[in-house]
2 protein chains.
Amino acid sequence: MSEKPSDKRPTIHDVAARAGVSKSLVSLALRGSSKVSDASRDAIEKAAAELGYRANAQARSLADRRSRTIGINMAELDNPIFPQMLSGAHSVIRERGYNTMLVSGERDPELESAELAKLLEFQVEGLMLISHRLPATTVRSLAADVPTVVLTLRGITGPGIDTVTSNDEAGARIAMQHLFDRGHTKIAHISGGTLEPAVVRERVYREQMEAAGLAQLIRVATGDLTNQGGLEAARLMLTDSEPPTAIFASNDISAIGAMAACQEHGLRVPDDISIIGYDGVALGALRTLSLTTIAQPLTEMGRLGAERLFDRLEGRKVKDRSIVLEPELLARGTTSEPRT
Amino acid sequence: MSEKPSDKRPTIHDVAARAGVSKSLVSLALRGSSKVSDASRDAIEKAAAELGYRANAQARSLADRRSRTIGINMAELDNPIFPQMLSGAHSVIRERGYNTMLVSGERDPELESAELAKLLEFQVEGLMLISHRLPATTVRSLAADVPTVVLTLRGITGPGIDTVTSNDEAGARIAMQHLFDRGHTKIAHISGGTLEPAVVRERVYREQMEAAGLAQLIRVATGDLTNQGGLEAARLMLTDSEPPTAIFASNDISAIGAMAACQEHGLRVPDDISIIGYDGVALGALRTLSLTTIAQPLTEMGRLGAERLFDRLEGRKVKDRSIVLEPELLARGTTSEPRT
DNA sequence: ATGAAAGCGCTAACAG
DNA sequence: CTGTTAGCGCTTTCAT
């Protein structure tokens, strides 16, 4: 209506023409260089505004070979612990003036590697992998191209790779200690499949029971980290001749499923049976649930992971690092002394 | 160790040289053109593989003026309804071979518009706005540049704008009808502030009460769509001389807070008091909560939104559309007849 | 079927 | 301070 009806978006060239200067000067001015006269700067800014000029980030990236973009791969968009890490990472990335390109393989390994490839084609400058199941070889080959940080998966090392995890051994020990302290001995465990964190938690459970001389009370029901899985695992346990007085679940979601099973059996939590989860997802804090749990510093993990990336991007010389954060007991309302 | 120690990534030019053909032919071959001889194609693919060639998406975008990227702005990464919509959108975008660029203003309007601007600089071909609070003028100006779809916010129209929402009026009516059907008359409402969906739900609550001749029983406590807000609002109501027999909360999270308040007061849900939420977030399905609620088709909204975008991108001629999906009652365990 | 040449919009020396 | 000259890596006519 008002401006030149030129169909295509205005380029730096159009701005230059309108301001009566050269392309380069426009480029400088628009990026706030100090060596541009006030007069030119004003003219350029005016022209840009009038034209509704918007820089083309692709062209800029191509020219200066920096995409200012970090790629994030999240295994699952719906598992609540992942968005929490994402949120921590995202805010750091934004503070540094970078962009976030998000992909998700959605539990499909083939899809996942295709998505990862696209990230690299986009010339991301750093890669954050939030996934429980990535082969070390895949990660290493990605890291050969671009600085990479892996969250939640330990033991992956290699040039260009950092990891940020939380200490599952310590966390599981804290959980067990909490139950021991309350006086429990008949403690059962709802396991979580073959993914690394779940395996560690189960192992520590067994070790701690043995160390406490309770080897014969060890009781593990197989869960799958879902609500339903926790429900079913707990149902099984509660029909035992000698049901446990406490349950340590491999994650919060299955712990909440276990709570439902207890209700079904007419057991009150924590009066009749104690339950402790793992993860510290936000919903556990809901007053209705008030789940005692071992909280991982999820947001912090995201933040730290992103910062590791920028350490490398900003040329700080860093050795590959495995950062292990300590989880924390949130003693809420689902654990107490056993009924005797 | 094995290949040319050339520091920089191989380009199409390197591949061409190695295969003994021209750049153009490599470009054609790699994109699967049929007019490339088998011999050339083999040589090119071999060379590309040996070099570990990876196309540069920025350069491609610049050259053919298509970024193959959709930008998504999510107001909050932590409100569970947003990731669910994101997930629906994301999978459609991926199926079409596009990428997702995610930004979030995190409740800060200034930040939000800066992030939106970055999305445009990245030459996104379409924009999805998942936010409860975006000025119509902002949306219109964005839509002037690129096809735009708005989720959860009604009433924004303009050239290039589609909206996908769910029918809050109908949903709220269903909620009220459900409670009426159960025989409730002393129905209270926990409101949710000034954002559009919450306002609609409250209005319908009032209308329905009046229409049922229950105007004098109208009782609204102000919540803020948080768990804590729901808790406090419900506490207030329960200390009334004549407490309600049912509560309609503006969203699930505050409904769950209300459940906690009921527990505090020694009231059993649903035996002593019924509670119905709104949204259909995944956690409401947890057996421990079993929250009756009005479910919005969140994933579907994401999918549909993305599809609207592609309708435009693929040149299908479409008029601007406001798609309204119907929500659905999930009658779970928190509602029943009043105690009398 | 293949190559040469001309950009895409921007940044980056390098001269003045 | 400002303009000129070269690209960045890829796609795309247009010839051959």
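**Close-up 1. Helix α4(A) gives the most to the surface near DNA strand C, with five residues.** Keep in mind that this is a predicted model, where local features need pLDDT of at least 70 and side-chain atom pairs count only at pLDDT 80 or more, while totals for chains, interfaces and linings use all residues. Residues are numbered from 1 along each chain as its sequence is written, and chains are lettered from A and ligands numbered from 1 in the order in which they are written. Here "near" means that a residue's C-beta atom, placed from the backbone, lies within 6 Å of the strand. Helices are DSSP runs (H or I, at least four residues), strands are too (E, at least two), and both are numbered from the N terminus. In total, 27 residues surround DNA strand C, with I12(A), S24(A), S27(A), A63(A) and K35(B) the closest.

**Close-up 2. Chain B meets chain A.** The contact (C-beta atoms, placed from the backbone, within 7 Å) takes 38 residues from chain B and 37 from chain A. On the chain B side, elements giving two or more residues include α5 (81-95), β2 (99-103) and α6 (109-121).

**Close-up 3. Here's helix α10 (residues 227-238) of chain A.** Nine of the twelve are buried (20 or more other C-beta atoms within 10 Å of a residue's own, all placed from the backbone), so α10(A) is largely enclosed by the rest of the structure. The buried ones, G229(A) and L231(A) among them, pack against β6 (187-191), β7 (219-222), β8 (246-249) and α11 (252-264) of chain A.

Conventions
Two residues are in contact if their C-beta atoms, placed from the backbone, lie within 7 Å. The expected span of a helix is 1.5 Å times one less than its number of residues.
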